[in-house]
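Good morning, colleagues, and thank you for the time. Please look at the sequence and the structure as they come up on the screen.

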Amino acid sequence: MEYQPPQFFKRGPAPLARLTFFGLLSVLLMVLDARFQYAEPLRHGLTLAIYPLQQVATAPVTAFNRVSDFFSSQTSLRRENASLRSQQLKNAQSLLVLQSLTQENQQLRKLLEARTTLSSPSVFAEIVYAGRDPFSRKVIIDRGSQNGIEPGQPVVDGSGVLGQVTRVLPLLAEVTLITDKNQSIPVQVLRNGLRGIAYGSGDGTTLELRFMPANAEIQNGDVVVTSGLDGVYPRGLPVANVLKVERDATAAFAKIRLTPTAGTNKHRQVLVIQHSEELPSRAEAEQKLKQAAPGKAVKQDKPKTTPRRGQ
Amino acid sequence: MRRNQGPQRILRPANAFFIAFSLLCALAFNLLPWPDLRLVPDLLALTLMFWCIHQPRRIGVGIAWLFGLTMDAANGALIGQYALAYAFLGFGAHVIHRRVLSFSVWQQAVHIFALLLVSQLLMLAVRLIAGGTFPGWLTFVSTVIAAILWPFITDLLLAPQRAPDDIDETRPI
């Protein structure tokens, strides 16, 4: 039998060997995640594993909020009550106008035989924590597939569109904010109906309205709302205000910066809208157009692409 | 009489449960809902480095990598991004662990700052290759804050190992 020295100081493989092994494994996982989205099961498992820990971590914060709510002074409560009451009066007035307008709108739509826009059901959710990754703008909310959340659903807060659900776990869901660099949203200028697509700029506070002609009729302070053309976002939700328009004679497009109306870095309570609009696929729509106008043959043969839901 | 003091002070063995508990606490700290994340130091990286330096035979590259993977999953980051950075931190801490403990804690903090900075640049490079944007110089402030926290983390995590001063004057040693 071969002699083996006793292993007094057994230390396993050298650290450099370990670093090489784990470094290569990380690179492999990154490629799998970024290019092929194969790492999702691993992500789900790990997220479920730390779910209890994260609940424990946020428990003191929640408890503190509750306690400070309990001890909030009477004067501040009365002040808040008064301001809420005045706001309620204003809202009641506009609500009355809204009701009459809704009825009028419905009748007009009936007259036009247009589809009635349905009010979508929504799920209330709270932001559990913000993603720590400085390269993307994501928040994690406390409702998941158990509550009927699906990828692609829009998320709003009290003042506008916040983002879109991009990943769903059983008890949590990940929302990519509209300020994320990879997020885009079809919009419309409220004043004149000009359509465009707003992209997140990645700096966390602004959006960009790209590919608008240099002479596009947009002013500072214009309100930009969702156009609803994609079938993902319902029409008419406020998205952003125009912050700055730069028109450069040498560039083909104007440079337009927007600030989101939703508090992308502020609020904790959000609403997930379970909006689903059955849009006909593009191929079908073109077929119908061809049938409707046989004289004018549609020449271009577009590739059969269905509109992508989500980002 | 202050006999058992200073860098040459004899420490009690570290408790494995305490190591695990401190790492889980740091992970929970990183998962808290912060208003502005760019100023919040990465406490998990700091705690991992502390144990890699003080207990290199227990905590090493592998465990650091696993915690990095957990951070990736929790933050919705690219899977492997934090894992790579933490594995590098574990390795760097192992390289300097014999030398760095002979310095004072503030000098140690400078070493720690250098390692944290390199790991952050590593993460930045990975994300820029994967098609991200530069997040701004403010992100480096969190690294400076983390390095400043090092002496306090050292005091906190070494506290259970520091035996109470022995006041038995008759004992020979």
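This is a predicted model: local features need pLDDT of at least 70, side-chain atom pairs count only at pLDDT 80 or more; totals for chains, interfaces and linings use all residues.

I begin within chain B. Helix α2, residues 43-54, packs with helix α4, residues 81-100, at an angle of about 40 degrees, and their axes lie 8 Å apart. That angle makes α2(B) oblique to α4(B). The crossing of the two helices is right-handed.

Which residues meet here? From α2(B) come Ala45(B), Leu48(B), Met49(B), Cys52(B) and Ile53(B). They meet residues of α4(B), including Tyr86(B), Leu89(B), Ala93(B), His94(B) and Val100(B). By class, nine residues of this contact are nonpolar, three are polar and none is charged.

Let me turn to the interface. On chain B, 39 residues are in contact with 39 residues of chain A. Helices α1 (16-30), α3 (61-75), α4 and α5 (105-129) of chain B each supply at least two residues of the side that touches chain A. Which helix gives the most to that side of chain B? It is α3(B), with eight residues. The side of chain B that touches chain A comprises 24 nonpolar, 12 polar and three charged residues.

Finally, the barrel in chain A. Six strands close into it in the order β6-β7-β8-β11-β10-β9, with antiparallel pairing. Neighbouring strands are turned by 40 degrees against each other on average, direction ignored. Within this barrel, β7(A), residues 195-200, and β8(A), residues 207-213, pair in the antiparallel sense over four bridges. Tyr199(A) has Glu208(A) in β8(A) as its bridge partner.

Methods
Residues are numbered from 1 along each chain as its sequence is written. Chains are lettered from A and ligands numbered from 1 in the order in which they are written. Axes are lines fitted to C-alpha atoms, for helices over the stretch in contact, and angles run from 0 to 180 degrees between N-to-C directions. Angles under 35 degrees count as roughly parallel, over 145 as roughly antiparallel, 65 to 115 as roughly perpendicular and the rest as oblique. A crossing is left-handed if the near helix is turned anticlockwise from the far one by less than a right angle, and right-handed if clockwise. Two residues are in contact if their C-beta atoms, placed from the backbone, lie within 7 Å. Ala, Val, Leu, Ile, Met, Phe, Trp, Tyr, Cys and Pro count as nonpolar, Asp, Glu, Lys and Arg as charged, and the others, Gly among them, as polar. Two strands pair if DSSP finds at least two bridges between them.
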